Structures are given as C-alpha cells and as structure tokens.
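Open the model in your viewer and keep the selection tool at hand. Each stop below says what to select and what is there.

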Amino acid sequence: MTVRPDEPLFFLPNRVWRCYLGGQLLDRMQGVRPERDGSEPEDWIASTTPAGNPKPKPREGISRVLLSDGTLGPWLDELLARRSGDFLGSTGSSGVRVLCKFLDSAIRLPVQVHPDRPFARKHYNSPVGKTETWFLLDTRAPAPGAEAPYLYMGFKPGVDATAFGEALKREDVPTAAAMLHRIPAKAGEGWFIPGGVPHAIGPGCLILEVQEPSDLVI
C-alpha cells in the first residue's frame, strides 16, 4: 500500500526509554492496561530524531508509519528521505525541524541544561541545539504528604557560579536546586526554555514538549 501525501499519516506509539520514572498517564491516553509508571515515560510524535540513549534500541526515537489497513508502513525518516518534497514541500530538503513529544513524569527529572545552537555547532557538530517549550496538559494529584507538581527554571538573582559548581561537584542536589526558581505546575500554562537555561520538570506533570530536533543534554 502506497503512502499518499494528500491523506493523514498515522503512527505507532513511539515510547522512548529515559532515565526517570513515569508514563502512567500516557498509558491511559493510549488505552494500555494496566496503567503503570515505567522507564518509557515519553512518546515522540512524528519523529525523525534518534534517541541518544546509552544503549538505544534499534531505530529508537524514530516514528513508524501505520497504514490505513493496519499494516506497518515505512519509518518516517526513510519515507521523507525518498519523498521529502511530497510531504514537506519546497523546504523538504531540510527535514523535519521540530520534535514534539508527550512527557509524563512520576518523579523529578534531573536538573539539566540544553545547548543553544552556537554551542551545539561548536561542541557537538549539530546544526540545532535544544531550545524547547512546555505546554502543561495535566498534573497528578499528589499522594498524601507528597509535593505538589512543580517546575524548576532559571537561576535566582545573585546565584554564585562558583557555589553552584561546587554543589554539583559534591552532588548536593538540594543546594543546587535551591538556586533555581521553583514554579507551581498548572495545567493550561506554557513555558519557553531557551538553550542554556537550567531547568527540571518536577513530579506529576503531563507535558506536550515542542523542541528543536535533538536529544542533546548536559
């Protein structure tokens, strides 16, 4: 069966391994039973971006087309390599320049920084960095005694670079995290995180993330 550019494309679920726990709300969205948190808390949507995991599964991160008769179609990156003009128009040679993903966190993610484009070009030989936007779709009700969902984003005024670096060397996460703005996570809000801004997603956040098409992280 031929994939037609004048018809919608559908894809298999594209769950990706991450170093944090989550995914129960994605199971609920996708009708997976039993719903549970596990090591695949993200679903990458119409993705041509490979996952940068230590031991990635074959083609991990790349979306697989599902044909209308229920059979498997081509991998999206291979389809676009052959027929970029059909699906992406006159700018098709540059490929898909965005990565969208659903993300469901059961725990706080590591505090991290993504490279901007100049840093990525210089140090990773990558044409893109990892500037991203979060759209909060939902939050989980915290268990009794647990923290309400939150986000960490950007340094507080007056943070000393040396003190922050020393906290990282000691792996003193509470001290390092206290140097960042802590923001209550509320469904319906959107946040823009430029490359170079330290951040972390807290527990209990269901997010649609729209970002540059890379899996670079520090």
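**Stop one: the pocket**

The lining of the largest pocket has eleven nonpolar, five polar and seven charged residues. Here Ala, Val, Leu, Ile, Met, Phe, Trp, Tyr, Cys and Pro count as nonpolar, Asp, Glu, Lys and Arg as charged, and the others, Gly among them, as polar. The model is predicted: local features need pLDDT of at least 70 and side-chain atom pairs pLDDT 80 or more, while totals for chains, interfaces and linings use all residues. Numbering runs from 1 along each chain as its sequence is written, and side-chain values use heavy atoms, without hydrogens or water.

The largest pocket holds about 350 Å³ of space. Select Arg18, Gln112, Lys130, Asp215 and Val217: of the 23 lining residues, these are the closest to its centre. Next, colour β6 (99-105), β7 and β11 (199-201), the elements that give two or more residues to this lining.

**Stop two: strand β7**

Select residues 132-139, strand β7. β7 pairs with strand β10 (residues 190-193) in the antiparallel sense, over four bridges. Pairing requires that DSSP finds at least two bridges between the strands. Show Glu132: its bridge partner in β10 is Ile193. Find Trp134 and look across to Glu209 in β12, which stands opposite.

**Stop three: helix α3**

Which residue caps the N-terminal end of helix α3 (residues 117-124)? Select Asp116: one of its side-chain oxygens lies 3.0 Å from the backbone nitrogen of Phe119. Then step just past α3 to Asn125, where phi is positive, at about 55°.

Terms used. On a 1 Å grid over the protein atoms alone, a cavity is a set of points where a 1.4 Å probe fits but cannot get out, and a pocket is an open set with protein on both sides within 12 Å along at least five of seven lines; lining residues have an atom within 4 Å of a point. Grid points are joined across faces, edges and corners, and a volume is the space filled by probe spheres set on the points. A polar contact is a pair of N or O atoms within 3.5 Å; within protein, one must be able to donate a hydrogen and the other to accept it, and residues adjacent in sequence count only if both atoms are side-chain atoms.
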